[in-house]
Amino acid sequence: QVQLVESGGGLVQAGGSLRLSCSASGRTFSSYAMGWFRQAPGKEREFVAAISNYGKSSYYADSVKGRFTISRNNAKNTVYLQMNSLEPEDTAVYYCAAGSTSGIGFSYYSDSTPYIYWGQGTQVTVSS
């Protein structure tokens with residue numbers, strides 16, 4: 001069992017930055033791929049970014065590529081999402097998720113199916 005707790009959300013002006021953190025319980029953090037997803041009001045949950053279990057591979061949605069960076073520190077059981085050049089369209093609840101590493105590639109990591117454990121989410125609001 002893995003418990004995930006997100007933090008770092010808040011209100012920021014367009015063009016600003018935030019860093020989200022997701023802390024995981026348990027001793028097997030390095031066994032899991034980690035992903036960030038988001039859900040805006042009235043919209044479906046969507047993939048944001050993912051990173052393989054040892055951080056060798058990372059994947060991004062086109063909408064955030066070049067602005068967001070995912071990273072992880074397995075010694076601290078934490079995954080991060082650095083968000084720069086934020087836009088009002090980035091406003092959403094952001095969720096981190098831990099999942100299986102049995103697949104490879106963007107199509108695998110960007111789908112929610114491999115993700116077993118989910119956090120409660122943290123609100124990010126970007127004002128124009």
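Reader: How far apart are the mean positions of the positive and negative charges of the protein? Please then consider Arg67 closely: where is the place of Arg67, and with which residues is Arg67 in contact, leaving aside its neighbours within four places in sequence?

Author: The model is predicted. The mean positions of the charges lie 12 Å apart, with 10 positive and 8 negative charges taken into account.

The setting comes next. Along the principal axes, the C-alpha atoms fill a box of roughly 40 × 25 × 25 Å. Of the contacts with a separation of 6 or more, 59% are between residues 24 or more positions apart. Buried residues amount to 48% of the 128 residues, while the protein exposes about 6600 Å², of which carbon and sulfur atoms supply 45%.

Arg67 is found in the loop between strand E6 (58-60) and strand E7 (68-73). Is Arg67 buried or exposed? Its relative accessible area is 11%, and because buried means under 20%, Arg67 is buried. Leaving aside its neighbours within four places in sequence, Arg67 is in contact with Gln82, Met83, Asn84, Ser85, Leu86, Glu87 and Asp90.

Methods:
Residues are numbered from 1 along each chain as its sequence is written. This is a predicted model: local features need pLDDT of at least 70, side-chain atom pairs count only at pLDDT 80 or more; totals for chains, interfaces and linings use all residues. Side-chain values use heavy atoms; hydrogens and water are left out. Buried means under 20% relative accessible area, exposed over 50%, partly exposed in between (1.4 Å probe, protein chains only). Contact means heavy atoms within 4.5 Å. Accessible areas come from the Shrake-Rupley method with a 1.4 Å probe; for residues, only the protein chains shown count as cover. Lys and Arg count as positive and Asp and Glu as negative; His and the chain ends are not counted. The place of a charge is taken as NZ of Lys, CZ of Arg, CG of Asp or CD of Glu. Helices (H or I, at least four residues) and strands (E, at least two) are DSSP runs, numbered from the N terminus.
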